[in-house]
Amino acid sequence: MDIHNYKRRFERTVERIKKAEDISKENKETIFNFKDYLLSENVGTAKIERYLYDLMKYSKMLNKSFEKASKEDIRRVVGEIN
């Protein structure tokens, strides 16, 4: 029994990422590839949902492709989080 409705939260987060206009196509692809990897490794839905939510937030904060982010870009985002 899933009293926290993690499956639905997971589905909503996936839809939010798909519809987000402020997340680049490249970052969406990276996020969904990571989601697929986690599912293949049998990671729980609640944990994956949290990772997706965080990656969506970080993508917006970074405002560039994850692959093109420099060390300084990552430090800036971490600084904002802290």
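Start with Met-56: leaving aside neighbours within four places in sequence, Met-56 is in contact with Arg-16, Ile-17, Ile-23 and Ile-31. Contact here means heavy atoms within 4.5 Å. Before going on, note that this is a predicted model, where local features need pLDDT of at least 70 and side-chain atom pairs count only at pLDDT 80 or more, while totals for chains, interfaces and linings use all residues. Residues are numbered from 1 along each chain as its sequence is written, and side-chain values use heavy atoms, with hydrogens and water left out.

Met-56 belongs to the largest nonpolar core, which has eleven residues, including Phe-10, Ile-17, Ile-23, Ile-31 and Leu-52. A nonpolar core is a set of buried Ala, Val, Leu, Ile, Met, Phe, Trp, Tyr and Cys residues joined through side-chain atoms within 4.5 Å. Buried is under 20% relative accessible area, exposed is over 50%, and partly exposed is in between, with a 1.4 Å probe and protein chains only. Helix H1 (6-19), helix H2 (25-40) and H3 each give two or more residues to this core. Helices are DSSP runs of H or I, at least four residues, numbered from the N terminus.

Ile-23 sits in the loop between H1 and H2. Ile-23 has a relative accessible area of 4%, so it is buried. Beyond four places in sequence, Ile-23 touches Lys-28, Met-56, Ser-59 and Lys-60. Its C-alpha atom is 8.5 Å from that of Lys-64, 41 residues apart along the chain.

Next, the aromatics. How many aromatic pairs does the structure hold? One. The ring centres of Phe-34 and Tyr-51 are 6.1 Å apart and the planes are at 40°, so the pair is tilted. For pairing, centres lie within 6.5 Å; planes under 30 degrees apart are stacked, over 60 edge-to-face, and the rest tilted. Phe-34 is in helix H2 and Tyr-51 in helix H3, 17 residues apart. Phe-34 is partly exposed, at 32% relative accessibility.

Last, H3 and H4. Tyr-58, Met-61 and Leu-62 in H3 meet Asp-73, Arg-76, Val-77, Glu-80 and Ile-81 in H4. The residues of this contact divide into five nonpolar, no polar and three charged. Ala, Val, Leu, Ile, Met, Phe, Trp, Tyr, Cys and Pro count as nonpolar, Asp, Glu, Lys and Arg as charged, and the others, Gly among them, as polar.

Is Asp-73 buried or exposed? Asp-73 is buried, with a relative accessible area of 14%.

Note on methods
Rings of Phe, Tyr and Trp (its six-membered ring) pair if their centres lie within 6.5 Å; planes under 30 degrees apart count as stacked, over 60 as edge-to-face and the rest as tilted.
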